[in-house]
Amino acid sequence: MQMFLDGAGCDSLSGSTLPVYNPATGTVIDTVPAGTTDDVAAAVAAAENAQATWARVSPADKSRILIAAGALIRGEADALATLLTTEQGKPFREAKDEILGTAHIFEYYASMTGSIRGDAAVLPKYGYMNVVRKPLGVCGAIVPWNMPAIIFGWKAGAALACGNAVVAKPSETAPLTVLRLAELLAAAGVPGGVLNVVTGSGASAGDAIVRHADIRHVSFTGSVATGRAVSLAAAPTLKKLTLELGGNDAFIVAADADIDAAVAGAVRNRFYNCGQVCTSAKRILVDANCVDAFVRKARNAIEKLVVGSGLDKVNMGPLNNPGQRDAVAAAVDRIVNEECGRLIFGGKKQEGPGNFYAPTLLSDVSPDAVSEEIFGPVMPVIPFATLDEAVEIANGTPYGLGASIWTKNMKTAYTAAEQIRSGVVWVNRHLILPPEIPFGGTANSGYGRENGREFIYEYTEPKSILIGL
Ligand code: TXE
């Protein structure tokens, strides 16, 4: 596919391309332009040209366009889901959920265009103060490969609703669905230049977006290491950043929890998208009084998971790329070899083509062995003795994105919710993220929030106007 610049498809100025692979087969399915600094400069110029006019489009008209985008995405949901599965690997059913979720995101932002406003106050002796919220201008959106459609929707939907123009860069390993979404947004009425997608590597196109002086805000979702690099590269131009850098969510099962519901929740959330979600249930903390029953039931459920190409009827697909699969395998091998946990099920790469790794269950895992997130289909179970200990383990990593507590006791639920350091805590649920919930983390998980009402603070800036009386 071509990249999307100033309302039309185009190649990179250098003419070079990058291959896109099917993670289930390892074969090349398409190529995209390998964008560089020059392509980013062209996209920013187009965006700058178009932004002021877009900012003046009425909230009602912006809303109509975003609703139309949602409808076009829904109308093409099966084809988009097939494309997403083919480049990302997830089962078709999950891909379709993501696509319908992406349509819903644009509809959500359509509903918010009229609510983007500031404050007013009478200041005795001085006058009448208005604080209006102004668009930032051109916003950069750097999108990862794990949930490319919906994360693109979070960033582009919010930026467009606030009157900004966008230069987005999808991941090298999952750029195609984002490109098709950009075409659909244009067909829905987003004017040329307002939304641009430059494809290419992070080191080239991504870095150029972060460094460009006329891009005033970058929303980045990815790893902590790249988040740090983005933060440093953004400093000279003093641009605003929203950083979502992954998590190592604790999923805490208290002794009084409904064990069957907790097992089902843990298995569903840990193996969803092959474990490649920032708020996956990455560390399963289970009260020592019920840990044996939990592990037995979890094993029964995991054994039944069908693994294969996401286009077949499966519960879990391959990992997105070989590097990711190898990192997961190395993490499991280290835990088992260093005797920091017991292998109960799985623990191996699947022979043959594709980036497959068996759904894996580890018990008696020492908390220190999983202080770094494992971004793949691995469920480490960590026993705990008291709620205080569970909270300490939950907080014992550099991350702070999400967590959940499974219990029937309100006091246990509230105590854990209050004491866990993270951007979101669920009770008897995990990984529920409708757009109404402000989403983002603390500590190494990054800063800033996407969605909710909080997006207004990320994608606009206040301007104070004092009218003397
Ligand atoms: O991430 P990167 P990778 C975590 C997860 C995973 C690890 C590595 O632990 O194992 O990150 O994944 C672009 N300037 N998460 O290597 O490098 C890149 O092209 C600007 C968690 O894929 O962070 C891609 O579009 N951009 C995460 C995006 O950044 C740069 C989701 C993410 O890539 C860049 C994904 C640069 N210098 C991975 N270098 C989550 N938060 O959920 C790369 N990019």
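The model is predicted, so local features need pLDDT of at least 70 and side-chain atom pairs count only at pLDDT 80 or more, whereas totals for chains, interfaces and linings use all residues. Residues are numbered from 1 along each chain as its sequence is written, and side-chain values use heavy atoms, with hydrogens and water left out.

**Stop 1: the largest pocket**

Select F220, G222, S223, V224 and T226, which lie nearest the centre of the largest pocket. A pocket is an open set of points, on a 1 Å grid over the protein atoms alone, with protein on both sides within 12 Å along at least five of seven lines; lining residues have an atom within 4 Å of a point. The largest pocket holds about 790 Å³ of space, a volume being the space filled by probe spheres set on the points, which are joined across faces, edges and corners.

Its lining comprises 40 residues. The elements that give two or more residues to this lining are α7, β10 (215–221), α8 (224–234) and α11. Helices (H or I, at least four residues) and strands (E, at least two) are DSSP runs, numbered from the N terminus. Colour α8 next, as seven residues, the largest share of the lining, come from this element. By class, 21 lining residues are nonpolar, 11 polar and eight charged. Here Ala, Val, Leu, Ile, Met, Phe, Trp, Tyr, Cys and Pro count as nonpolar, Asp, Glu, Lys and Arg as charged, and the others, Gly among them, as polar.

**Stop 2: the second largest pocket**

The second largest pocket contains about 680 Å³ of space. To centre the view, select D97, M147, N269, Y272 and L431, the closest to its centre of the 28 residues that line it. Then display α4 (92–112), α5 (148–161) and α9 (259–271), the elements that give two or more residues to this lining. Helix α4 supplies the largest share, seven residues. The lining of the second largest pocket has 16 nonpolar, six polar and six charged residues.

**Stop 3**

Rolling a probe the size of a water molecule over the atoms shows where empty space is left. A cavity is a set of grid points where a 1.4 Å probe fits but cannot get out. A search of the whole structure finds three cavities of 30 Å³ or more.

Select N248, R283, A394, Y399 and G402, which lie nearest the centre of the largest cavity, among its 15 lining residues. The volume of the largest cavity is about 70 Å³, and its lining has six nonpolar, six polar and three charged residues.

**Stop 4: the salt bridges**

Side chains of opposite charge can pair when their charged atoms come close. A salt bridge is a side-chain nitrogen of Lys or Arg within 4 Å of a carboxyl oxygen of Asp or Glu. The structure holds 15 salt bridges.

Begin with R64 and D61, whose closest N and O atoms are 2.3 Å apart. These residues are three apart in helix α2 (residues 59–75), and therefore separated by about one helical turn. R64 is exposed, with a relative accessible area of 53%, while D61 is partly exposed, at 35%. Buried means under 20% relative accessible area, exposed over 50%, and partly exposed in between (1.4 Å probe, protein chains only).

Move to D207 and R211, a salt bridge with the closest N and O atoms 2.8 Å apart. The two residues are four apart in helix α7 (residues 202–211), again about one helical turn.

Next select K349 and D326, with closest N and O atoms 3.0 Å apart. K349 lies in the loop between β14 (342–345) and β15 (360–363) and D326 in helix α11 (residues 322–337), so the pair ties together parts that are 23 residues apart in sequence.

**Stop 5: an open sheet**

Finally, show the three strands that form an open antiparallel sheet in the order β5-β6-β20. Two strands pair if DSSP finds at least two bridges between them. β5 (119–123) and β20 (460–468) stand at the edges, each with a single partner strand, so one side of each is left without a neighbour in the sheet. Strand β6 (residues 127–135) pairs with β20 over nine bridges.
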